Amino acid sequence: MKKVYYLKTCSTCIRILKDLDLPSEFILQDIKKEDITVTQLEQMKELSGSYESLFSKRSKLYKEMDLKNQQLEERDYKHYILDHYTFLSRPVIINDGQIFIGNSKKTVEAAKTAIHSK
């Protein structure tokens, strides 16, 4: 599978997508317009190892809901990501069994190398 979960309204996501120069077989899913399904999230978790690794602790809602002062478990991370798209660390890039989560320079470079290394 070749897929990118992103936000069309996020300038960082758009910049990263341009930088990645994705081949046409990649499917783009704007998570604001098309909700992440339980199956999709479970597939991401399978590749990443945990729901926490997919969870954004920089989201505005994370601060507003004071979640940093709560003891969150895997099921909580799953619940929040499914409940509101803002909790997914973006973008999430899936390239044939590899997953790249977030927008750090290192992650984006690793994704770019993996995508264009054929």
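What radius of gyration would a compact globule of 118 residues have, and what value does the protein have? A compact globule with 118 residues would have a radius of gyration near 13 Å, and the protein, at 14 Å, agrees with this; the radius is taken over C-alpha atoms, and the globule rule is 2.2 Å times the number of residues to the power 0.38. The model is predicted, with local features needing pLDDT of at least 70 and side-chain atom pairs counting only at pLDDT 80 or more, whereas totals for chains, interfaces and linings use all residues. Residues are numbered from 1 along each chain as its sequence is written, and side-chain values use heavy atoms, without hydrogens and water.

The protein contains 5 helices and 4 strands, arranged from the N terminus in the order β-α-β-α-α-α-β-β-α. These elements are DSSP runs numbered from the N terminus (helices: H or I, at least four residues; strands: E, at least two). The C-alpha trace spans about 45 × 25 × 25 Å along its principal axes. Of the 118 residues, 41% are buried, that is, under 20% relative accessible area with a 1.4 Å probe and protein chains only. Among contacts (heavy atoms within 4.5 Å) between residues at least 6 apart in sequence, 60% join residues at least 24 apart.

Gln-70 is located in the loop between α3 (60–64) and α4 (74–83). Its relative accessible area of 38% makes Gln-70 partly exposed, the class between the buried limit of 20% and the exposed limit of 50%. Apart from neighbours within four places in sequence, Gln-70 contacts Met-65 and Tyr-80.
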